[in-house]
Amino acid sequence: MADKFTVQQRHRCMASIRSKDTKPEIKVRHELWHRGFRYRMNVRRMPGSPDIVLAKYRSVIFVNGCFWHGHEHCKAYVVPKTNVSFWQEKVRRNRERDELVKLLLESSGWNVMIVWECELKKETFSATMSRVEEEIKGNALKWKAYMERRAENRKFTRE
């Protein structure tokens with residue numbers, strides 16, 4: 001099927017797609033706020049500028065669009081029929097960058113969660129957010145245990 005837009009119209013349309021404050025991201029933030037979590041958004045000093053940072057729980061959340069980040073086995077990720085090599089390369093680079101950012105954050109002691117756009121549909125939204133909530137709480141317990149071990153080690157070293 002041919003594109004119904006001209007090249008200039010398509011360029012304007014694609015250029016207007018935002019990287020922050022997207023609808024899926026806002027939906028996740030509202031639900032987290034509703035569940036009592038407080039967070040910071042798009043922290044630029046952190047690798048990858050995570051969408052949501054829950055410092056108290058040592059957790060970061062990326063809300064990924066299925067198309068832009070190449071969510072495998074998802075109906076929303078379909079390689080466009082025109083300029084195929086460009087799109088495949090773009091998604092490949094996005095995936096590589098995502099993996100590098102995840103490794104950098106995890107090596108700094110952060111727990112990284114990824115929420116896919118397709119997981120935020122009406123049918124799966126509450127299950128997804130329950131999973132995220134449980135993971136955040138689990139991360140908090142891991143962080144607390146780490147800090148206690150660290151305090152014990154410091155105490156032992158001082159003695």
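How many salt bridges does a search of the whole structure find? I began my notes with this question, and the search gives 11 salt bridges, each being a side-chain nitrogen of Lys or Arg within 4 Å of a carboxyl oxygen of Asp or Glu.

Before going on, I noted that this is a predicted model, in which local features need pLDDT of at least 70 and side-chain atom pairs count only at pLDDT 80 or more, while totals for chains, interfaces and linings use all residues. I also noted that residues are numbered from 1 along each chain as its sequence is written, and that side-chain values use heavy atoms, with hydrogens and water left out.

I then looked up the elements, and found 5 helices and 4 strands, taken as DSSP runs numbered from the N terminus (helices are H or I with at least four residues, strands E with at least two). Their order from the N terminus is α-α-β-β-β-α-α-β-α.

Next I turned to single pairs. R92 and E89 form a salt bridge at 2.3 Å, N to O, and because they lie 3 residues apart in helix α4 (residues 84-107), about one helical turn separates them. R92 is partly exposed at 36% relative accessibility, as is E89 at 32%, where buried means under 20% relative accessible area, exposed over 50% and partly exposed in between (1.4 Å probe, protein chains only).

I also looked up R35, whose salt bridge with E31 has its closest N and O atoms 2.8 Å apart; R35 is partly exposed, with a relative accessible area of 25%. A network of salt bridges links E31, R35, E133 and K137.
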